[in-house]
Amino acid sequence: MNGESTEVAVDVRSTEGTTVRLDTLEDTLRFGRSLGAMLRAGDLVILSGSLGAGKTALTKGIGAGMGVTGTIASPTFVLVRVHPAGPDGVQLVHVDAYRLAGAVELDDLDLDTDLTASAVVIEWGEGVAEQLADARLTIHLDRRPDDTRLATLTAVGDDWTPRMAALSAADSQSD
Ligand SMILES: Nc1ncnc2c1ncn2[C@@H]1O[C@H](COP(=O)(O)OP(=O)(O)O)[C@@H](O)[C@H]1O
Ligand SMILES: [Mg+2]
């Protein structure tokens, strides 16, 4: 994050159930940029949460942090959008699993092939996309009555532990 200060409050209790307060859209975009900057080829990020919770907004931030090209939008009528890599060299595969019948249809998208060369972010992926990779980060976005969002991060796989710590450090700098 280039030493940029942020106001996102991160509360790290454990790798499982780390919560991040995202009070505004800008917080969500900024958090996404921090996360995107640390994504590598082979990473799987599963986004869950109800319609309007901020999954696409978070993906926009992730894409910006990765430096990929192409406008990130809600892929409602497109199941998969591939955003070519920028100078950092990792492309982003953005999937919306909302219309997928389940894991069988997800298999048809051949995302396991994409995963070797890309970071894959799957909206509505909870319960269907876990099979794609042993290591993954799941982010549940909860839209609260005051319209702020609470992100709950659950990482599976050793690889995420140091990165979660770095992410927390980046996002609590200015507190
Ligand atoms: N803290 C916040 N984080 C993300 N989105 C927010 C936030 N506050 C308000 N919003 C608004 O909520 C909407 C989220 O939409 P979107 O990202 O498309 O949700 P989803 O993909 O989960 O359906 C956007 O209109 C955005 O401007
Ligand atoms: Mg969306």
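Predicted model: local features only at pLDDT ≥ 70, side-chain atom pairs only at ≥ 80, totals over all residues.
View 1. Helices here are DSSP runs (H or I, at least four residues), strands are E runs of at least two, and both are numbered from the N terminus. Of the 18 residues in the shell, Thr28, Gly54, Lys55, Thr56 and Ala57 come nearest; a residue is near if its C-beta atom, placed from the backbone, lies within 6 Å of the molecule. By type, the shell splits into five nonpolar, eight polar and five charged residues. Nonpolar takes in Ala, Val, Leu, Ile, Met, Phe, Trp, Tyr, Cys and Pro, charged takes in Asp, Glu, Lys and Arg, and the others, Gly among them, are polar.

**View 2. A look along H1.** Buried residues of H1 include Thr28, Phe31 and Leu35; buried means that 20 or more other C-beta atoms, placed from the backbone, lie within 10 Å of a residue's own.

**View 3. Inside the largest nonpolar core.** This core has 37 residues, and Val45, Leu47, Val120, Val121, Ile122 and Ile139 have the most contacts inside it. Such a core is a set of buried Ala, Val, Leu, Ile, Met, Phe, Trp, Tyr and Cys residues joined through C-beta atoms within 7 Å. Beyond its neighbours within four places in sequence, Val121 is in contact (C-beta atoms, placed from the backbone, within 7 Å) with Val45, Leu47, Thr59, Ile62, Leu92 and His94.

**Notes.** Residue numbers start from 1 along each chain as its sequence is written, with chains lettered from A and ligands numbered from 1 in the order written. Local features need pLDDT of at least 70 and side-chain atom pairs count only at pLDDT 80 or more, while totals for chains, interfaces and linings use all residues.

Terms used:
Buried ≥ 20, exposed ≤ 12 C-beta atoms within 10 Å, placed from the backbone. Contact = placed C-beta atoms within 7 Å.
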